[in-house]
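This report covers ring contacts and pockets.

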Amino acid sequence: MGIDLDHKKDRKARRLAPRSPNNYMQLLAQLYSYLERRTGTKFNKIVHHRLCQARRFRPVMGIKRVIRNMLKLRYRENPNDILPKDAIARGITAVVVGTVTEDLRQYHMPKGIKLCALHVTKPLRKRILEAGGEIITFDELAQRSPKGEKTQLMMGSPKARTVQKYFGKAPGRPGSHTRPRVRSRGVKFERARGRRKGCGYKK
């Protein structure tokens with residue numbers, strides 16, 4: 001008598017290719033899948049994984065945050081260097097699997113910044129090129145650094161979307177900061193006990 005095995009949870013829900021009908025995205029995923037297999041580097045593995053993800057896991061990133069992250073990374077090329085150089089001065093490429101947008105709060109654009117992203121907005125592209133920087137695509141990056149050498153991989157916040165504010169504990173519970181799903185604020189809305197002085201108490 002055989003063992004009755006339960007196979008209903010055998011399926012692994014993971015993407016091996018992007019769902020996007022965009023041919024360029026499909027080719028990039030194939031390219032980085034090949035590089036991941038042949039080089040075995042963590043950089044190619046992460047890039048391939050992010051290319052296959054849904055758009056909400058490829059969040060937008062502002063140029064201010066990119067520059068701040070690049071200036072934080074300081075290295076000494078030689079042990080005899082007095083001051084360590086930042087990543088931009090060392091010619092390291094910032095890699096973002098997503099869109100990079102302009103940020104008007106970033107007044108000064110560092111000279112010679114190198115950026116690789118799926119999409120760069122027009123005003124930002126103009127500013128970077130005017131400052132002597134460079135914007136490259138992922139297929140160009142694969143030719144320059146197939147193992148991800150002299151690159152810095154970064155990502156925007158996936159929880160920055162407005163919809164994330166509605167997730168969590170029920171609104172009104174102790175310690176909850178979840179936004180209630182109401183049409184507006186006012187006397188006509190949120191009339192439950194605990195939301196109005198005339199209805200029991202006001203929290």
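Arg181 lies over the face of Tyr166, 4.4 Å from the ring centre; a charge sits over a ring if NZ of Lys or CZ of Arg is within 6 Å of the ring centre and within 35 degrees of the ring normal. The model is predicted: local features need pLDDT of at least 70, side-chain atom pairs count only at pLDDT 80 or more, and totals for chains, interfaces and linings use all residues. Residues are numbered from 1 along each chain as its sequence is written, and side-chain values use heavy atoms, without hydrogens and water.

The whole structure holds one aromatic pair (Phe, Tyr or six-membered Trp rings with centres within 6.5 Å; planes under 30 degrees apart are stacked, over 60 edge-to-face, the rest tilted). The ring centres of Tyr32 and Phe138 are 6.1 Å apart and the planes are at 85°, so the pair is edge-to-face. Tyr32 is buried at 1% relative accessibility, and Phe138 is buried at 1% (under 20% relative accessible area, 1.4 Å probe, protein chains only).

Two pockets are tabulated; a pocket is an open set of points on a 1 Å grid over the protein atoms alone, where a 1.4 Å probe fits, with protein on both sides within 12 Å along at least five of seven lines, and lining residues have an atom within 4 Å of a point. A volume is the space filled by probe spheres set on the points, which are joined across faces, edges and corners.

| Pocket | Volume |
|---|---|
| Largest | about 470 Å³ |

Among the 13 residues lining the second largest pocket, Val60, Met61, Gly62, Arg65 and Arg105 are the closest to its centre.

Key: Buried < 20%, exposed > 50% of the residue type's maximum accessible area, 1.4 Å probe, protein only.
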